[in-house]
Amino acid sequence: MQLHELKETIRTATYEEAVAALTDYITANPGDDEALTTRGMRHWGAGKRSLAINDYLAAIAINPESRAREALRAATEILDYRNTDLYNP
């Protein structure tokens, strides 16, 4: 199965089904940075931040120009955000 076919399948799948299918695909195609990025995005959407960041970093290690670079930048920006008004009302 090609990644674009898999993306169509996981679009409507539950988180667990999508991650399982992507993990199987990544096991068979370990150099596919796009698959790692896609799995990372599913992890991020499910609130599993560390798993998402690990996938983004793995994708960037394979392809430094991967779109995972932008996803990692956005994740870091979100995690670094601080609202000082919440600490001192």
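This is a predicted model: local features need pLDDT of at least 70, side-chain atom pairs count only at pLDDT 80 or more; totals for chains, interfaces and linings use all residues.
I started by reading along the sequence, and the protein chain goes α-α-α-α-α-α. That makes six helices and zero strands; helices are DSSP runs of H or I with at least four residues, strands are E runs of at least two, and both are numbered from the N terminus.

Residues are numbered from 1 along each chain as its sequence is written, and side-chain values use heavy atoms, with hydrogens and water left out.

Next I looked up the box around the C-alpha atoms: roughly 55 × 30 × 15 Å along the principal axes.

Then I checked burial. I found that 34% of the 89 residues count as buried, meaning under 20% relative accessible area with a 1.4 Å probe, protein chains only.

Which residues touch the most other members of the largest nonpolar core? I got Leu 3, Leu 6 and Tyr 56, in a core of 19 residues. Such a core is a set of buried Ala, Val, Leu, Ile, Met, Phe, Trp, Tyr and Cys residues joined through side-chain atoms within 4.5 Å. I see that α1 (3–11), α2 (15–28), α3 (33–45), α4 (49–62) and α5 (68–80) each supply at least two residues of this core.

I followed up on Leu 3. Leaving out residues up to four places away in sequence, Leu 3 touches Leu 22, Tyr 25, Asp 32, Glu 34 and Ala 35, where contact means heavy atoms within 4.5 Å.

Conventions. Buried means under 20% relative accessible area, exposed over 50%, partly exposed in between (1.4 Å probe, protein chains only).
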